[in-house]
Amino acid sequence: MVCFTSKQRAKQAKYNMTWDVAKARDLMNNMFNKEKIMDMVFNPNDENMVIVFKELLLPIIPGEKPKPEFYRE
């Protein structure tokens, strides 16, 4: 899942995509509820890019995660 830390960075991205503003908690819950999403990449193609792997977060954030309002199977 590709994420940006600001609207400015999303607008400057070199990707052909649409984007919207979302809460980090909702994005993480979406990631936890979908098997096909393995990680979150923040600010790709930036020198400060960060990759957060779901597998590493699961032991830190255990339990059920509510499905966000925008969730689709």
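Author: Let us begin with N45, which is found in the loop between β2 and β3. Helices here are DSSP runs of H or I with at least four residues, strands are runs of E with at least two, and both are numbered from the N terminus.

Reader: Is N45 buried or exposed?
Author: N45 is exposed, with a relative accessible area of 66%. Buried means under 20% relative accessible area, exposed means over 50%, and partly exposed lies in between, with a 1.4 Å probe and protein chains only.

Reader: What is the phi of N45?
Author: N45 has a positive phi of about 65°, although it is not a glycine. N43 likewise is not a glycine and has a positive phi, of about 55°.

Reader: Where is N43, then?
Author: N43 is in the loop between β2 and β3. N43 is buried, at a relative accessible area of 5%.

Reader: Before going on, what kind of model is this, and how are residues numbered?
Author: This is a predicted model, in which local features need pLDDT of at least 70 and side-chain atom pairs count only at pLDDT 80 or more, while totals for chains, interfaces and linings use all residues. Residues are numbered from 1 along each chain as its sequence is written, and side-chain values use heavy atoms, with hydrogens and water left out.

Reader: How many helices and strands are there?
Author: The protein chain has 3 helices and 3 strands. Their order from the N terminus is β-α-α-β-β-α.

Reader: And the overall dimensions?
Author: Along the principal axes, the C-alpha atoms fill a box of roughly 35 × 25 × 20 Å. Of the 73 residues in the protein chain, 27% count as buried.

Reader: How many salt bridges are found?
Author: A search of the whole structure finds 1 salt bridge. The term means a side-chain nitrogen of Lys or Arg within 4 Å of a carboxyl oxygen of Asp or Glu.

Reader: Which side chains meet in the salt bridge?
Author: The side chains of D46 and R9 do, at 3.8 Å from N to O. D46 lies in the loop between β2 (39-42) and β3 (50-53) and R9 in helix α1 (residues 7-12), so the pair ties together parts that are 37 residues apart in sequence.

Reader: What are the relative accessible areas of those two residues?
Author: D46 is partly exposed at 26%, and R9 is partly exposed at 29%.

Reader: Let us turn to α2. Which of its residues are buried?
Author: The buried residues of α2 are L27, N29, N30, M31 and F32. They pack against β1 (2-3), β2 and α3 (54-57).

Reader: What is N30 in contact with?
Author: Leaving aside neighbours within four places in sequence, N30 is in contact with M1, I37, P68, F70 and Y71. Contact means heavy atoms within 4.5 Å. N30 is buried, with a relative accessible area of 8%.

Reader: What about D26?
Author: D26 also lies in helix α2, and at 25% relative accessibility D26 counts as partly exposed. Not counting residues up to four places away in sequence, D26 touches P68 and F70. D26 and P66 are 40 residues apart in sequence, with 8.5 Å between their C-alpha atoms.

Reader: Changing topic, which residues make the nonpolar surface patch?
Author: V2, Y15, M17, W19 and V21 make a nonpolar surface patch of about 450 Å². Patches consist of residues with over 30% relative accessible area and no salt bridge, where like charges are joined within 9 Å and nonpolar side chains (Val, Leu, Ile, Met, Phe, Trp, Tyr) within 5 Å. Accessible areas come from the Shrake-Rupley method with a 1.4 Å probe, and for residues only the protein chains shown count as cover.

Reader: Where does V21 lie?
Author: V21 lies in the loop between α1 and α2. V21 is exposed, with a relative accessible area of 56%.

Reader: And K14?
Author: K14 is found in the loop between α1 and α2, and at 78% relative accessibility K14 counts as exposed. The C-alpha atoms of K14 and P44 are separated by 9.5 Å, although the two residues are 30 apart along the chain.
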